[in-house]
Amino acid sequence: MREPLRSRTGRGVSIAVIDSGVHPGHPHLGLLAGGIALAPDGRAHDDLTDRLGHGTAVTAAIQEKAPGARVHVARVFHDELATSARTLAKAIDWAAERGCRLANLSLGTPRQSRIEVLQPAVERAARAGTLVIAAFSHEGQRQLPGSLPGALGVCLDWDLPRHSVRVGRRDGCRVLYASGYPRPIPGVPPTHNLNGISFAVANATGIIALALDLFPQARGRPGALAALEALEALESLESLESPASVHSREK
């Protein structure tokens, strides 16, 4: 990662991580701003403990890049990486009510019948100033809520460094591409660790938080994309020979 992002920490940016919670005391985690757990029956409680590992790894990937961001946790996964569309919508609403600038959903469903529940939640979040970031597609199938209007979808690019994103296109839509590898664990090969679209989303969220730190006036999906493109222009001015940490290329 090069300047101007190198001096940024995501300060002033609040992020909701909607996932399986967090594991208290994990060495890869920084300070957290609290959160909520939503049971399958819709009840809210305060047990944020991650028993699957997924949410902890996702949060670690985000905080590695944006240690100054305020991270809020919404636990929607409990015994498995599955939940209902209504629970996801409730978590998105919670993030918006909390005033989060970004809501990271390292998840998705290809079931288009869920649009009627998830699209209004994405729209409510957008009106409140919360940008939903989620998988755009996985294994050739469009995913919800990442492919919905108002959300910012993320696709995999295994060739990108973990601290980079690029703006491109998929199926006629503007999306972000990011690496699918999580924060490294010493002694564990990257291919033997958790990896995939979940971590492309997390890596993208961390970089977006840095861009919003640099351009605090940016709002919503258009603002985030504009901030990333402005960042690319700034980096291009710095050096025309070194690879930029944010690339814009249509695909």
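How far does helix H1 reach from its first C-alpha to its last, and how does that reach sit beside what is expected at 1.5 Å a residue? Helix H1 covers residues 54-65, and its twelve residues reach 18 Å, close to the expected 16 Å. Please keep in mind that this is a predicted model.

Some overall figures before we go on. The protein has five helices and twelve strands. Of its 251 residues, 54% are buried. If we take contacts between residues at least 6 apart in sequence, 71% of them join residues at least 24 apart.

Back to H1. Is this helix mostly covered or mostly open? It is mostly covered, with eleven of its twelve residues buried. Among the buried ones are His54, Gly55, Thr56, Val58 and Lys65. What do the buried residues pack against? Their partners are strand E1 (14-19), strand E4 (70-75), strand E5 (102-105) and helix H4 (197-214).

In general, two packed helices are described by the angle between their axes and the distance between the axes. For H1 and H4, the axes come within 8 Å and cross at roughly 30 degrees. An angle under 35 degrees counts as roughly parallel, and H1 and H4 are therefore roughly parallel to each other. Their crossing is right-handed.

Which residues meet there? From H1 we have His54, Ala57, Val58, Ala61, Ile62 and Lys65. On the H4 side they meet Ser198, Phe199, Ala202, Asn203, Thr205, Gly206, Ile207 and Leu210. Sorted by class, this contact has eight nonpolar residues, five polar ones and one charged one.

Now to helix H2, which has 13 residues. From first C-alpha to last, H2 reaches 18 Å, close to the 18 Å expected. Ten of the 13 residues are buried, so H2 is largely enclosed by the rest of the structure. The buried residues include Thr87, Leu88, Ile92, Asp93 and Trp94. They pack against E1, strand E2 (35-38), E4, E5, helix H3 and strand E6 (131-135). After H2 comes Gly99, with a positive phi near 85 degrees.

At what angle do H2 and H3 pack? H2 spans residues 85-97 and H3 spans residues 115-128; the angle is about 5 degrees, and the axes are 9 Å apart. That makes H2 roughly parallel to H3. On the H2 side, the contact is made by Ala85, Arg86, Leu88, Ala89, Ile92, Asp93 and Ala96. The H3 side supplies Val117, Leu118, Ala121, Arg124, Ala125 and Ala128. By class, the contact of H2 with H3 has ten nonpolar residues, no polar ones and three charged ones.

As background, most residues other than glycine have a negative phi, and most peptide bonds are trans.

Which two residues are joined by a cis peptide bond? They are Leu144 and Pro145, and omega there is about 5 degrees. Pro145 lies in the loop between strand E8 (141-142) and strand E9 (152-156).

For Glu139, phi is about 50 degrees. Glu139 sits in the loop between strand E7 (137-138) and E8. Is Glu139 buried or exposed? Exposed means over 50% relative accessible area, so Glu139, at 74%, counts as exposed.

The other is Asp171, where phi is about 55 degrees. Its loop runs between strand E10 (165-170) and strand E11 (173-178). Asp171 has a relative accessible area of 51%, so it is exposed as well.

Is Leu160 buried or exposed? With a relative accessible area of 11%, Leu160 is buried. Along the chain, Leu160 and Ala178 are 18 residues apart, and their C-alpha atoms are separated by 6.2 Å.

To recap the helices: H1 is roughly parallel to H4, and H2 is roughly parallel to H3. That is the end of my part.

Definitions and conventions. Residues numbered from 1 in each chain as written. Predicted model: local features only at pLDDT ≥ 70, side-chain atom pairs only at ≥ 80, totals over all residues. Heavy atoms only, no water. Helix = DSSP H or I, 4+ residues; strand = E, 2+ residues; numbered from the N terminus. Expected span 1.5 Å × (residues − 1). Buried < 20%, exposed > 50% of the residue type's maximum accessible area, 1.4 Å probe, protein only. Contact = heavy atoms within 4.5 Å. Axes fitted to C-alpha atoms, helices over the stretch in contact; angles between N-to-C directions. Parallel < 35°, antiparallel > 145°, perpendicular 65-115°, else oblique. Left-handed = near helix turned anticlockwise from the far one by under 90°. Nonpolar A, V, L, I, M, F, W, Y, C, P; charged D, E, K, R; others polar.
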